[in-house]
Amino acid sequence: MSSVVDIKSLTSDELKAFLTENGFKAFRAKQVEDWLKKGVLSFDEMKNLPSELKDFLKTRCYISVAYIEKKLKSRYDKTVKYLFALRDGEYVESVVMSYRHGMSMCISTQVGCKMGCTFCATGKSGFSRDLTASEMLAQIEAAQRDLDIRISNVVLMGMGEPLDNFDNVLRFLELVTSEQSLNIGARHITLSTCGIVPRIYELARHDLQINLAVSLHAPNNEIRRKTMPVARAYPMDELIKACRDYFDTTGRRVTFEYALISGVNDGDDHARELAQRLKGMNCHVNLIPVNSVEGAGYTKSDIKRQQSFVNILAAKGIAATVRRTLGSDINASCGQLKRNHKSKEDK
Ligand code: SAH
Ligand code: SF4
């Protein structure tokens, strides 16, 4: 174990082992966890610990936090977007959305992304580093504290590709669903991926009961390769096969994300081709009018096109909806808040 331990990324068993190996009683682990759960920011706040243990923790560990650097509230609905600063000065974005069934939060899993999708602001900014499990938790905790709410649904759909940070994401999923941490049910968690096929099989084998969303954004490989470089490594047929396996293994219905880009992937023929590919699959297609991103040169499909696309899918028996956009006034699509913040800093 490294000399500086990220204490909030440890599971209960690991924390217990860490403390007992260093000469402390096992029951101290529960006390430490209770304080961490309360959201303390320093070891000095852990009042019922002996000073020997506090000193030990101070020299060997750190508590991960996400500081609110910027906060935007929608004028139209209750959506709140955060830009969080991490301990090394990197920034990530998260969004809190209010639905009838509760509060949902979209969190980041990496600082930037390596995948380079041409329509995505995060993809355009390049990659800095993976987030630790505790940094994923810290985003949720910071929003809960700031808004005095409890988050009931989590989507891994912010900056980054979760399956490219697989071990930390798995650790996060273990922690966030545990009673000792935020205790959010796996069925209330959705992981979105651009389609790293071997990892989808691996995820299915963990049988976590989380929902899988797959960013498809094209009806065939030719179009997909142009907008999503990951399609060059993992062709669409293989991706769809992996999604069928995910459903067969976990029983969880897969959602396909499809950003409608005018003149690129939104034709009636494209809708028919997509329907053909997804035939017989227990899935749902989420259509999203693409958010325009500086320098990408894409525009969203108009309402008539959106409607025609969704009608063709429906006629072919594919469940599809055009996603309601929340916080449209602040939803400079994912990655843009950070981009704007950075370019201001650079000036
Ligand atoms: N890397 C993962 C999760 C983060 S991206 C993934 O790609 O799935 C979250 C979602 O936002 C993905 O479905 C992504 O394709 C979509 N997205 C990115 N840029 C967008 C844009 N400009 N308009 C609409 N959706 C976009
Ligand atoms: Fe990365 Fe997802 Fe953006 Fe593609 S859409 S660049 S995978 S964050």
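Which residues line the largest cavity? In this predicted model, the lining is made up of Lys8, Gly39, Val40, Leu41, Ser64, Val65, Ala66, Ala138, Glu141, Ala142 and Arg145. Sorted by class, that lining comes out as six nonpolar, two polar and three charged residues. The volume of the largest cavity is about 50 Å³, and the count of cavities of 30 Å³ or more stops at one. Both domains have a hand in it: domain 1 (5-62) and domain 2 (67-346) each supply at least three residues to the lining.

That brings up the domains themselves. Where the two meet, 14 residues of domain 1 are in contact with 13 residues of domain 2. The size of an interface is often given as the accessible area lost when the parts come together. For domain 1 and domain 2, the buried area is about 1100 Å², with 44% of it on carbon and sulfur atoms.

Next, the ligand site. Around ligand 2 the model places Cys113, Met115, Gly116, Cys117, Cys120, Gly123, Gly160, Glu161 and Cys194. By class, this shell has five nonpolar residues, three polar ones and one charged one.

As for confidence, the mean pLDDT of the protein is 92, and 92% of its residues reach 70 or more. Residues 343-347 are another story, with pLDDT under 50 throughout and two contacts beyond four places in sequence. Where pLDDT is low, the predicted coordinates should not be read in detail.

Terms used: Residues are numbered from 1 along each chain as its sequence is written. Chains are lettered from A and ligands numbered from 1 in the order in which they are written. This is a predicted model: local features need pLDDT of at least 70, side-chain atom pairs count only at pLDDT 80 or more; totals for chains, interfaces and linings use all residues. Side-chain values use heavy atoms; hydrogens and water are left out. On a 1 Å grid over the protein atoms alone, a cavity is a set of points where a 1.4 Å probe fits but cannot get out, and a pocket is an open set with protein on both sides within 12 Å along at least five of seven lines; lining residues have an atom within 4 Å of a point. Grid points are joined across faces, edges and corners, and a volume is the space filled by probe spheres set on the points. Ala, Val, Leu, Ile, Met, Phe, Trp, Tyr, Cys and Pro count as nonpolar, Asp, Glu, Lys and Arg as charged, and the others, Gly among them, as polar. Domain bounds come from an automatic or database domain assignment. pLDDT is the predictor's confidence in each residue, from 0 to 100. Contact means heavy atoms within 4.5 Å. A residue is near a molecule or strand if one of its heavy atoms lies within 4 Å of it. Buried area is the accessible area (1.4 Å probe) that two parts lose on being put together, summed over both.
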